[in-house]
Amino acid sequence: MNRRRWLLHLVMGAIAHRKGRALLLLSVLAMASSLATALGIVSTSMEKRVAEEVRKYGANLVVTPEASRLDIGSGGLNFGVVSEPAFLDQGQIDSALAKSGVRAEHSYQLRGALHWKERDLMVEGVNFSDIRRLFPWWQLKGSWPAEGESVVGNDLATRYALKPGDSLELVGKAGTVRCRVSGIVTSGGEEDGQLFVSLLNLQQALGMTGQLSQVRLMVTAGNDGIKKSAAVLQQLLPGTKVSEVRQTAHTSEGLLTKVKLLMVMVTAVVLISAGSSVTGTMSTTVLERGKEIGLMKAIGGTRREVMLIFCGEAALLGIGGGIAGYLLGSAIAHFITRTVFSASAEFMPHYLLVSLGVSLFLALLGSFGPMVSVFRLDPVRSLRGE
Amino acid sequence: MLFRLLKNSFLKRPKSVLLVFISIVMGASVATAFLGISGEISHKMALELRSYGANILLEPSAVEGGGFLREDDLPKIKTVFWKYNITGFTPYLFGVADFSANGKRERGIVSGTWFAKNLEVAGEEPSVQGVRGIAPWWDVQGGWPAGPDEAIVGAALAKRLGSAIGGHVEATVRGKQQRFQVVGIVTTGGYEEEQLFAPLITTQELLQLPGKVSRVQVSALTVPMDAFGMKNPAQMTKEEYEKWYCTAYVTSVAKNVEEVMAGSRAKPIWQIASAEGSLLKKLNSLMLLLTILALVASAMAVSTSLMASMAERSPEIALMKAIGADRYQISAIFIGETLIISVIGGMVGYLLGDQLAGIISRTVFNSTIASPFWLFPTAIISAFVVAFAGSVAPLRRALSIEPVRVLKG
């Protein structure tokens, strides 16, 4: 039996003969590394999840014609347009969006007045499928409109006693829109006083094919990305104004930073405390083996060899614990993301390395420290159990 | 005798006692820190989300537009049932005006508001209300108005008028004129950019509408809407209505505010309210799960370190048995040891955890935090329970051993 095999034999024997102890150490190492994995995975995916949640606040960029004056109002209060309106060209916007490479969801909107029963109504032409994504806070009574249907704001509906199922005939400069009311929207904002029809119908009725009064964009971007996207789009869209909706964009960035910071702190606290506990447990089990070390030294084992045996043992346990910890940690992370965000966690194989690293580090640290103190003892004394 | 045994067991093997002690301290401090902040965090997060702006809008109840609210009613908002949930409010009075500056004439909106008004309400703590509090995303270059004839101008309007900070803008409404000094330019990316914001009192004079406001924005801390909250209050039974009214749903807070403002109706601004609700719900459940995870992990860490340290002591137990100690005496020694270590460890852990919670709260939310006092006994008792649970299994095994076999080696 050569030396290396003999060492291996010793290590395996040490583990096999103290199954209970090995199991205990394996489980604490697995616990610590699973914490590292789970918290790591959750914090990395956290940014994405919260960013998704923050999208519920709606668009973060608005494109308006430079010449036009924005509608007047504050926080959902609208006074209408004070001066003659200007318009955007839909084709220009489309090509600019495609060229810029900015990843954004968009909602094209055209605003105009249509005549109905001797009154002018403020009508907004929109694509309802975009609305559902960019305005997720709309509370709709009735159903989302199909072809040839429209949605009425709550205040408007109360004022003119409109209800789902009513038919409207709206007269514009160039044509007439006939539609059925399919739902009533409450938002607490300017939408409450408007009538929504499909964009194409309104463009035809007003004789303004391919023209828009406003484009709302929801840009998917991390830090600073929104400002950068705005600058890129502004360059491609001369004659328009691309502005950042500070209420949503600015606040969301702040919130994301806070959440990230919180997760980092929590992870650090948990890992340090679990890590020191695990190291302590590991040390206890090495300390109690002073006799064994004394014996090894007495029969001629060098420091290096004894160290090798103990470190080998610790490394084996560390690897086992790391792998088990990765599996357990991924399961925990998956459970958390599913319960909290009802989304499945991504598979992150590189956390296997993190988990192995944490587990190996704790195992080696836990056995190395006490071993140094045991070495200082005289073999005779440690054999006598002093 | 018992006392001497305990004393020696600590003094003769300081290393292993220290290791167990450290693990108890760590466990207790994580538990304290997490329990301490998890309750606070949902409150802090809710406050944080308030920087998205007002979630309730008060407007005159006349549907046809027109109509005004009374400025005199505003202080009453600080006296309603949900007054502690209302973090701020701001009145607005709007009017169309002709602005002239640098020889240019432009039509725009003059908007009277409170910027940061010291509000004193009898019987309530004085507070500062206004735009600065409820709209932190406003990007104001220059300063905020202090005097009655100072104003901030929206970026788009300023561009049209060609006015800059330090310049003057003349506003004309139905023949009445008012000269404003521009002290700031505001960028928001929203409607605000087309307005001139002036102190409410000046605007009331300019528009000849003394004591009137057109809208009030209210920022309130609310709980997420659930299925019950979405029910129509008009169709609730008496009990249900009471429960609804006494839960801080955005709808019930709105109702509450509406009641004190004569001739008003309050609308939740759903863009803010619904997104906030769902975000808060998720962050809260995330914190809850993380707290459970941390508690379970620290309990496990403490138990296992106790297990490891007990297991090495079977020869000691065998020797005690051999010289005639019975089960109870042996148990008393070990439980006594555990009790002492865990009480001290729990205390130190509590202090450490308290600091940790403070550090987290300061770095993340820039605010201090006070751990509730009930956490102190809880930390100590739970440290003992967890440590005890960890030592029961090895102790029982040690008690059942044959002394002779262990002593033989």
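A:A363 lies in helix α11 (residues 351–375) of chain A, where helices (H or I, at least four residues) and strands (E, at least two) are DSSP runs numbered from the N terminus. The model is a predicted one, in which local features need pLDDT of at least 70 and side-chain atom pairs count only at pLDDT 80 or more, while totals for chains, interfaces and linings use all residues. Residues are numbered from 1 along each chain as its sequence is written, and chains are lettered from A and ligands numbered from 1 in the order in which they are written.

**Surroundings of A:A363**

- A:A363 counts as buried because it has 30 C-beta neighbours inside 10 Å; a residue is buried if 20 or more other C-beta atoms lie within 10 Å of its own, exposed if 12 or fewer, and partly exposed in between, with C-beta atoms placed from the backbone.
- Leaving aside residues up to four places away in sequence, A:A363 touches A:L29, A:M282, A:A314, A:A315, A:L317, A:G318 and A:G321, a contact being two residues whose C-beta atoms, placed from the backbone, lie within 7 Å.
- Although A:A363 and A:V28 are 335 residues apart along the chain, their C-alpha atoms are separated by 9.9 Å.

**Chain A as a whole**

- Chain A contains 12 helices and 12 strands, and 48% of its 386 residues count as buried.
- The radius of gyration of chain A is 34 Å, whereas a compact globule of 386 residues would have one near 21 Å; the radius is taken over C-alpha atoms, and the globule rule is 2.2 Å times the number of residues to the power 0.38.
- The C-alpha trace of chain A spans about 110 × 45 × 35 Å along its principal axes.
- Chain A is divided into domain 1 (3–53 + 255–384) and domain 2 (60–244), with bounds that come from an automatic or database domain assignment, and the centres of these two domains, taken over C-alpha atoms, are separated by 58 Å.
- Among the contacts in chain A with a separation of 6 or more, 81% are between residues 24 or more positions apart.

**The nonpolar core**

- The largest nonpolar core has 212 residues, and those with the most contacts inside it are A:L29, A:A32, B:I56, B:V169, B:L196 and B:V218; such a core is a set of buried Ala, Val, Leu, Ile, Met, Phe, Trp, Tyr and Cys residues joined through C-beta atoms within 7 Å.
- Helix α8 (residues 270–311) of chain B gives the most to this core, with 22 residues.
- The residues that B:L196 touches, not counting those up to four places away in sequence, include B:F99, B:V110, B:V169 and B:F180.

**Where chain A meets chain B**

- In chain A, 65 residues are in contact with 71 residues of chain B.
- On the side of chain A that touches chain B, the largest share, 24 residues, comes from α8(A).
- The residues of that side of chain A divide into 28 nonpolar, 26 polar and 11 charged, where Ala, Val, Leu, Ile, Met, Phe, Trp, Tyr, Cys and Pro count as nonpolar, Asp, Glu, Lys and Arg as charged, and the others, Gly among them, as polar.

**Exposed loop residues with positive phi**

- A:E118, in the loop between β3 (104–116) and β4 (119–126) of chain A, has a positive phi of about 65 degrees although it is not a glycine, and it counts as exposed because it has 5 C-beta neighbours inside 10 Å.
- A:A161, in the loop between α5 and β7 (167–171) of chain A, has a positive phi of about 50 degrees although it is not a glycine.
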